[in-house]
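Take a look at the model, then read on.

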Amino acid sequence: MSTDSPAGSSDPAASHGASGTPPTTSTKAILVSIVAAVGGFLFGFDSSVINGAVDALNSNFNLTNSPLLSGFAVACALLGSAVGAWFAGPAADRYGRVRVMLIAAALFAISSIGAGLAFAVWDLIIWRILAGVGIGIASVIAPAYIAEIAPAHIRGRLASLQQMAIVLGIFIALLSDALFAGIAGGAANELWFGLEAWRWMFLVGLIPSVIYAVLALRIPESPRYLVAKGELTQAGEVLASVETSRSPASVKTKIDEIAETLRREEKPSLRDLRGPQLGLKPIVWVGILLSVFQQFVGINVIFYYSTTLWQAVGFSESDSFLASVINGLINVLSTIVAILIVDKVGRRPMLLGGSIGMTITLGVMAIAFSQALPAVTQSGKSSVSLPGIWGPVALVAANLFVVSFAITWGPVVWVLLGEMFPNYLRAAALAVAAAAQWVANFLITVTFQSLASVGLTLAYGLYTFFALLSFIFVYRAVKETKGKELEEMFA
């Protein structure tokens, strides 16, 4: 991937005011980025809310002896996410970023109600796939919109808001799961209006869905989308409102630059991604592999299955919920660190450091789980336990793994996917990369229970291997994009 711009093509006013003074941070740019990132909150919430419901669902729908079907019920949302991500880019180019956000909000709302009232596993699967379509749309639209509307000097921090919103969504989902289960005395117990606690875990997702829709109606359309549609005056007004240090002449110059980069293709589409390397442009493959490695390290096993995981190694249900909430909180705090440093340290060094940290912590978890001994629960079910210090070691390693991921690969991949592609193929390339991410997520999620039935050491040994491969990939293929204007990106 090359991010070097042709000689003489850079615009000093793009990163400085007309007088040469340092750029100022626009409050509006921050606010609209936060609103766009609310889609990430729903993304995190909807994808992780099933964590606390897994065991109750297995019991309610008689899936205890069907780990593959149970895994599919958890992972099926990710197939919908791949579909949503695939079509989100072309839809955003045709109908606009904001309209597509509203579609995602509607899908979140409908699926929350449907999943909460599900009467059979196939019924639940349908609603979870529909939720996944909304998740996939949000995973593409938010980073694309933020990257296109954010000033270059703070684009990394604003793009990281997507990941911040995702981890907040994960944390709130885990916390609400724990609260509902705690109030009812268990996820499978009846809570309010004759509905079990696990149903309320899904139903509460209606609230952030409505909030997202209301907020999306109050933000401007992306200036790059407006330029593509020939609405240059409106695009200039939006650009001036979010980059307040620009002079009118600088705004016009920037609009002209955007128009020039978009002029290469009159109508962006998936055909733009074709290239010489296995049918795709090299930059597209970089995006796809970034997405795949982000998931193949097994991070979402922690957020989809952590409650079940900790019970499997001897934790009580209440302690397992607590461990999951702690994981979520650490994820949030670590992402705050990432937001503070991403525009200072740079994307590539953060990914390399994260790969090292994940390799070490996943390796420790694999070793810890290899020490597991057979056990029997109070209800007579077969289980395992981690003797001596191995339980605390596994818990600490899991939390340090979350730290390693949340400071680096979690936010930085989304930052890169939002900014690394040229204007004329950004939405389409991001859609393909995000779809690949959801397919990878699906494969990891749907296979975990089967791998775990063989041995957790096997599962975490595989994740360790992929973490090591991710270091090699970044070292060889990923280039730095810190401080670059989007118009400087080339395929």
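What share of the contacts in the protein with a separation of 6 or more comes from residues 24 or more positions apart? Those residues account for 81% of them. Keep in mind that this is a predicted model.

As for the parts list, the protein has 19 helices and five strands. It runs to 491 residues, and 61% of these count as buried.

Let's start with the inside. The largest nonpolar core holds 154 residues. Leu-290, Leu-351, Leu-362, Trp-409, Tyr-460 and Tyr-463 are the ones that touch the most other members. Pick Leu-351 and set aside its neighbours within four places in sequence: Leu-351 is then in contact with Leu-290, Thr-408, Trp-409, Val-412, Val-413, Leu-416, Val-474 and Val-478. Two of those partners, Leu-290 and Trp-409, are also on the list of core residues that touch the most other members.

| Helix pair | Axis distance | Angle | Handedness |
|---|---|---|---|
| H2 (residues 27-48) and H5 (residues 97-116) | within 11 Å | roughly 25° | left-handed |
| H13 (residues 282-296) and H19 (residues 456-477) | 9 Å | about 155° | left-handed |

Take H2 and H5, whose axes cross at roughly 25°. That angle makes H2 roughly parallel to H5. On the H2 side, the contact is made by Ala-36, Gly-39, Leu-42, Phe-43 and Asp-46, while H5 brings Met-101, Phe-108, Ser-111 and Ser-112. Sort these residues by type and you get five nonpolar, three polar and one charged.

H13 and H19 pack at an angle of about 155°, so they are roughly antiparallel to each other. H13 puts Val-286, Leu-289, Leu-290, Phe-293 and Phe-296 into the contact, and H19 answers with Tyr-463, Phe-466, Leu-469, Ser-470, Phe-473 and Ala-477. By type, that contact has ten nonpolar residues, one polar and no charged.

One last stop: Thr-335, which sits in helix H15 (residues 317-345). Is Thr-335 buried or exposed? Thr-335 counts as buried because its relative accessible area is 0%, and the cut-off for buried is under 20%. Leaving aside neighbours within four places in sequence, Thr-335 is in contact with Gln-163, Met-164, Val-167 and Ala-406.

Note on methods:
Residues are numbered from 1 along each chain as its sequence is written. This is a predicted model: local features need pLDDT of at least 70, side-chain atom pairs count only at pLDDT 80 or more; totals for chains, interfaces and linings use all residues. Side-chain values use heavy atoms; hydrogens and water are left out. A nonpolar core is a set of buried Ala, Val, Leu, Ile, Met, Phe, Trp, Tyr and Cys residues joined through side-chain atoms within 4.5 Å. Buried means under 20% relative accessible area, exposed over 50%, partly exposed in between (1.4 Å probe, protein chains only). Contact means heavy atoms within 4.5 Å. Axes are lines fitted to C-alpha atoms, for helices over the stretch in contact, and angles run from 0 to 180 degrees between N-to-C directions. Helices (H or I, at least four residues) and strands (E, at least two) are DSSP runs, numbered from the N terminus. Angles under 35 degrees count as roughly parallel, over 145 as roughly antiparallel, 65 to 115 as roughly perpendicular and the rest as oblique. A crossing is left-handed if the near helix is turned anticlockwise from the far one by less than a right angle, and right-handed if clockwise. Ala, Val, Leu, Ile, Met, Phe, Trp, Tyr, Cys and Pro count as nonpolar, Asp, Glu, Lys and Arg as charged, and the others, Gly among them, as polar.
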